[in-house]
Amino acid sequence: MVKSALEQQIIDALEAVAPAHGIDVVDVEIVGATKAPCVRVRIDRADGEPISLDEVTAQSSWVSDTVEGLDPIAGSYTLEVSSPGMARPLRRPQDFVRFTGEAVELTTTAVEGRRRYKGTISAADESCVTLALEDDDQTVTIPHDEIKKCTLKPVYDFKGGKGGK
């Protein structure tokens with residue numbers, strides 16, 4: 001996954017501390033205006049269970065201390081700590097392996113040809129990910145270093161539930 005040097009620096013600092021708190025650093029991105037950017041940190045529980053809002057709140061202080069210790073941005077910025085959400089970003093090779101069989105939306109850094117893909121992860125390893133594309137019966141294999149962004153594609157089930165019609 002392609003990250004800016006600053007985003008990668010923040011990820012590295014957080015990942016050095018996260019295991020002591022039982023946390024997995026899902027993703028870090030810097031978004032917004034140059035004068036007042038937002039550092040968005042997505043965390044989850046390291047044991048694979050979903051993280052609750054109360055747990056995110058409890059973990060925010062060490063995340064804030066770690067990011068503040070780096071002093072990554074001159075001037076003011078907003079730190080946002082959240083759960084990965086339904087459209088969870090996939091960043092590391094092990095994320096792709098873990099979510100094999102799941103639907104994703106993926107963007108590459110390709111200069112020529114197709115850059116956006118929607119499909120299901122059919123295989124993944126340390127070097128690449130293979131998608132079964134949803135718009136045709138083809139598969140495509142993409143090296144991890146060419147992936148710009150990849151998120152799980154949420155599935156909304158409006159028909160399930162409590163005996164609705």
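Which side chains meet in a salt bridge at 2.8 Å, N to O?

Author: Happy to! Please keep in mind that this is a predicted model. The two partners you are asking about are K3 and D27, whose side chains form that salt bridge, with 2.8 Å from N to O. This pair ties distant parts of the chain together: K3 lies in the segment before α1 (5-17), while D27 sits in strand β1, and the two are 24 residues apart. The structure holds 15 salt bridges.

Now let's look at what surrounds the pair. The largest pocket of the model has a volume of about 340 Å³. Its lining is made up of 18 residues, and K3 and D27 are among those closest to the centre of the pocket, together with E29, K148 and K149. Two elements, β1 (23-31) and β8, each give two or more residues to this lining.

That brings us to the other end of the chain's numbering. K149 is placed in strand β8, which covers residues 147-152. Both K148 and K149 also belong to a patch of positive charge on the surface, where they gather with R115 and R116.

Starting at the N terminus, the elements follow the order α-β-β-α-β-α-β-β-β-β-β. Along the principal axes, the C-alpha atoms fill a box of roughly 50 × 50 × 30 Å.

Key: Residues numbered from 1 in each chain as written. Predicted model: local features only at pLDDT ≥ 70, side-chain atom pairs only at ≥ 80, totals over all residues. Heavy atoms only, no water. Patch = residues over 30% accessible without salt bridge, like charges linked within 9 Å, V, L, I, M, F, W, Y side chains within 5 Å. Areas by Shrake-Rupley, 256 points an atom, 1.4 Å probe, with all protein chains shown as cover. Salt bridge = Lys/Arg side-chain N within 4 Å of Asp/Glu carboxyl O. Lys, Arg positive; Asp, Glu negative; His and termini not counted. Charge placed at Lys NZ, Arg CZ, Asp CG, Glu CD. Helix = DSSP H or I, 4+ residues; strand = E, 2+ residues; numbered from the N terminus. 1 Å grid on protein atoms, 1.4 Å probe; cavity = no way out; pocket = protein on both sides within 12 Å on 5 of 7 lines; lining within 4 Å. Points joined across faces, edges and corners; volume = space filled by probe spheres on them.
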